[in-house]
Amino acid sequence: MQEINLPSNSMMLSKDFLFGVATSSFQIEGDRKGRLDCIWDTFCEKKGAITDATNGDIACNHIDLWKQDVELIDSLGVDAYRLSISWPRVMKQDGSVNEVGMRFYVNLVNEVIKRGMKVFVTLYHWDLPQHLEDNGGWLNRNTAYAFEKYAEAVANALGEKVHSYATLNEPFCSAYLGYEAGIHAPGKTGMANGRKAAHHLLLAHGLALKVLNRVCPKSQNGIVLNFSNCHTTSDSPEDIHAAKLADDYQNQWYLKPIIEGKYPDIIDKLAPDVKPDIAEGDMAIICQPIDYLGINYYTRTVYQSDGNGWFEIVPPATTELTAMGWEITPDAFTELLVDLHQRYDLPPIYITENGAAMDDELKDGEVLDNGRTAYFHTHLNAVNEAIEKGVDIRGYFAWSLMDNFEWALGYSKRFGIVYVDYETQKRTPKQSALAYSKLVKSRINGYISGIK
């Protein structure tokens, strides 16, 4: 059986290093009747938008099975659970709190804490209330201020029981995939839409961060960004330049404003009607200090010049791919972490998502997902290597706890370390879950090999 091992002197084997699992609200909760509609409910009804024509109405029925799920998380021996709050579940259309919805999260957080685990809460994991989208969604600056009020309601309800708050999960996906490429909800397209949405999302982050720091000053308050290395197919100046443009447009566009208060220079290459409207004071709001940076990583991306001074993606050439068709590139993970550490003055880092979709099969009550376990082994060692090179990484969350609604791909892809039978809602820990749990439980309390 494939195992997950780290060097015996690894700092990650200390109890000071945090291991966890992660989920998101729309992907697992179900219970559509218990909340307002969100943009993904609407997108799922659009013909051809979801690969298998499914939706999140039931998903993993976590709303009913949450106690069982928390017990499952606890059984793995992890230190923390990263979850997201459903904005349309806790807020009514008039801006008041849905007490029934909020009580669900209060109970959930209390149970996780009762079992000795830390709670990491993400305020926005893509499920924007549809009524806000009807008024422009993230293309409307007012949505950032609605998010500020929502953040205050959650912070008041959950308070400092939450160890860590993240304002947003992967604003790149919300802005680029949702408003520029159109392959995620709400399915809008156009560079101008993508850049405008990105700016309003970052503004929402800054506004919410001020609220969190005021209401929950003892919690760790930050943001979660996704990154993919931008590599080239050749050493030609044109391809190298294209990869640099791609990195600025897809990666640094979201980090540089938060850390340095300005967009990458690529903004000057955009046509005037594509550039976002930046009001006076916006960048100062966006650029407040964060307590930590959450980094999500899955794979690298290869680019080449499109021949017109811009970039285009080159499909993977390797045969070592996940079920998503993504290259398995742990070395690039280390490279990314070290590069960001050298480029910016960063706060401590948590790896808030890392994992792989595989073609899992449940046979005789088992899922022998050796490929996923090997993925975790190599990527956890990549994190260890980055730590050895000086990167301040405090924890790692496996994505995801369980199989779930995988956005535009519906239920056709499985990322979970726990197998979900969607017909019966039975959960079965996969071999990767057992291997991850074994690693986590092997740590020595406080010290390992004499190193704190």
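Me: What makes residues of the second largest pocket's lining count as nonpolar, polar or charged?
Reply: The lining divides into eight nonpolar, three polar and three charged residues. Ala, Val, Leu, Ile, Met, Phe, Trp, Tyr, Cys and Pro count as nonpolar, Asp, Glu, Lys and Arg as charged, and the others, Gly among them, as polar. Among the residues nearest the centre are Met-91, Lys-92 and Gly-95; by this rule Met is nonpolar, Lys charged and Gly polar. The model is predicted: local features need pLDDT of at least 70 and side-chain atom pairs 80 or more, while totals for chains, interfaces and linings use all residues. Residues are numbered from 1 along each chain as its sequence is written, and side-chain values use heavy atoms, with hydrogens and water left out.

Me: What makes a space a pocket and not a cavity?
Reply: On a 1 Å grid over the protein atoms alone, a cavity is a set of points where a 1.4 Å probe fits but cannot get out, whereas a pocket is an open set with protein on both sides within 12 Å along at least five of seven lines. Lining residues have an atom within 4 Å of a point. The second largest pocket has 14 of them, and H7 (142–158) gives the largest share, four residues.

Me: What is the volume of the largest pocket?
Reply: The largest pocket holds about 1,100 Å³, a volume being the space filled by probe spheres set on points joined across faces, edges and corners. Its lining has 41 residues, with Phe-172 and Trp-326 among those nearest the centre. Strand E7 (293–297) is one of the elements that give two or more residues to this lining.

Me: Why is Val-112 called buried?
Reply: Buried means under 20% relative accessible area, exposed over 50%, and partly exposed in between (1.4 Å probe, protein chains only). Val-112 has 1% relative accessibility and therefore counts as buried. Its contacts (heavy atoms within 4.5 Å), leaving aside neighbours within four places in sequence, include Val-70 and Tyr-81.
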